[in-house]
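Thanks for coming. Please have a look at the structure on the screen, and then I will go through a few of its parts.

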Amino acid sequence: MIMSNKNFKKNSKKNEPAKTDTQNQIVQWFPGHMAKTRRLIKESLPFVDLVTEIVDARIPLSSSNPELSEMIGNKPRIVLLNKCDVADEKATKQWVEYYKSKGIYALPVDCRSGKSLNAYLPLVREILKEKIQKNTEKGMVGKPLRVMVVGIPNTGKSSFINKMAGRNRAKVADKPGVTRSNSWFAVGNGIELLDTPGVLWPKFDDPKVGDRLAFIGSVKDEILDSETLALKLINVLKTDYSERLTERFKITDFTDKEDYEILEMIGRKRGFLISGGEIDFERASVILLDEYRAGKLGKLTLEYPREYE
């Protein structure tokens with residue numbers, strides 16, 4: 001749920017959001033099945049050879065569960081930078097180097113189209129070549145390599161497994177929290193994948209992390225105020241990607257505008273009007289968030305390795 005004051009209120013004289021501080025909104029969302037998933041991950045780790053974590057290439061560390069490193073210990077790990085097709089390519093290259101410096105293999109992919117997934121199985125076998133050799137020496141030629149697939153909601157785990165398995169055997173949806181139990185899938189080349197439900201962590205201490213997760217849809221929209229979230233996204237975009245706002249919504253001269261004024265400009269450009277000619281801020285907010293998530297604003301990355309160095 002969202003722990004905050006109602007930061008986005010309509011002005012009693014105008015149909016516009018009150019100019020209040022939206023930075024105090026702290027996201028806390030930890031459904032019961034996610035607590036169970038954390039236990040299942042810990043219990044299953046001794047039975048797998050490698051862990052593959054799927055993150056969103058637009059916010060790699062914000063979409064990575066901070067508890068995971070401690071849970072998996074020294075277990076080999078691959079990070080798939082999913083949705084690289086809607087992330088800034090230069091930023092993605094920086095993230096690959098960042099993970100390399102941490103001793104973690106990172107592979108930019110797009111799980112829906114299958115882009116670069118052909119490199120995944122060879123990478124698994126390369127990382128586990130000593131394990132394969134030991135199995136051979138013990139007379140266990142062809143023993144399956146077992147890989148646990150983890151990731152927070154809505155980062156693309158099910159799409160990844162569907163592509164790798166070659167058939168639609170894992171549930172896929174745009175809404176987070178679809179997979180609720182562990183499932184094994186044989187994907188060929190002697191490799192089996194263990195799917196786990198998407199799991200968030202109990203509290204986001206850094207408000208920016210909660211915001212970024214909400215931007216990409218990893219926190220259910222039903223528990224968020226879309227208008228407050230849209231204002232926060234505008235605040236980020238006008239600073240780092242102002243040209244994208246101009247290109248997509250045909251708005252200019254907004255450098256000195258407040259966030260709610262830019263949202264109003266977007267609503268007016270799209271013709272989102274209600275009675276009295278006022279702007280429908282709710283509709284404008286939903287459109288902005290939907291178009292960002294669909295990549296219609298271009299290839300945007302919202303965090304960079306320099307923030308964590």
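The crossing of H8 and H11 is left-handed. This is a predicted model, by the way, and that holds for everything I say today. Helix H8 covers residues 226-240 and helix H11 covers residues 281-293. In general, two packed helices are described by the angle between their axes and the distance between the axes. For H8 and H11 the angle is about 55 degrees, and the axes are 9 Å apart.

Which residues of H8 meet H11? From H8 they are Ser226, Glu227, Leu229, Ala230, Leu233 and Ile234. On the H11 side they are Phe281, Glu282, Ser285, Val286, Leu288, Leu289, Tyr292 and Arg293. By type, this contact has 9 nonpolar, 2 polar and 3 charged residues.

H8 also packs on another helix, H9, which is residues 242-249. Here the axes come within 5 Å and cross at roughly 105 degrees. Angles of 65 to 115 degrees count as roughly perpendicular, so that is the word for H8 and H9. Leu237, Lys238 and Asp240 of H8 make the contact with Ser242, Glu243 and Leu245 of H9. Those residues divide into 2 nonpolar, 1 polar and 3 charged.

One more point on H8, this time about charge. Side chains of opposite charge can pair when their charged atoms come close. Lys232 forms a salt bridge with Asp211, at 3.0 Å from N to O. Lys232 sits in H8, while Asp211 sits in helix H7, residues 207-216. The two are 21 residues apart, so the pair links distant parts of the chain. How many salt bridges does a search of the whole structure find? The count is 15.

Now the sheet. Strands of a sheet pair through backbone hydrogen bonds, either parallel or antiparallel. This sheet is open and has 6 strands, in the order S5-S4-S3-S6-S8-S7, with mixed pairing. S5, residues 105-108, and S7 are the edge strands, and each pairs on one side only. On average, neighbouring strands are turned by 25 degrees against each other, direction ignored.

Trp184 stands opposite Leu194 in S8. The two strands form a hairpin with 4 residues between them, and Gly188 in the turn has a positive phi of about 90 degrees.

Last, helix H3, residues 89-101, lies across S4 and S5, and runs at about 170 degrees to S4.

How values were computed:
Residues numbered from 1 in each chain as written. Predicted model: local features only at pLDDT ≥ 70, side-chain atom pairs only at ≥ 80, totals over all residues. Heavy atoms only, no water. Axes fitted to C-alpha atoms, helices over the stretch in contact; angles between N-to-C directions. Left-handed = near helix turned anticlockwise from the far one by under 90°. Contact = heavy atoms within 4.5 Å. Nonpolar A, V, L, I, M, F, W, Y, C, P; charged D, E, K, R; others polar. Pairing = 2+ DSSP bridges. Salt bridge = Lys/Arg side-chain N within 4 Å of Asp/Glu carboxyl O. Parallel < 35°, antiparallel > 145°, perpendicular 65-115°, else oblique.
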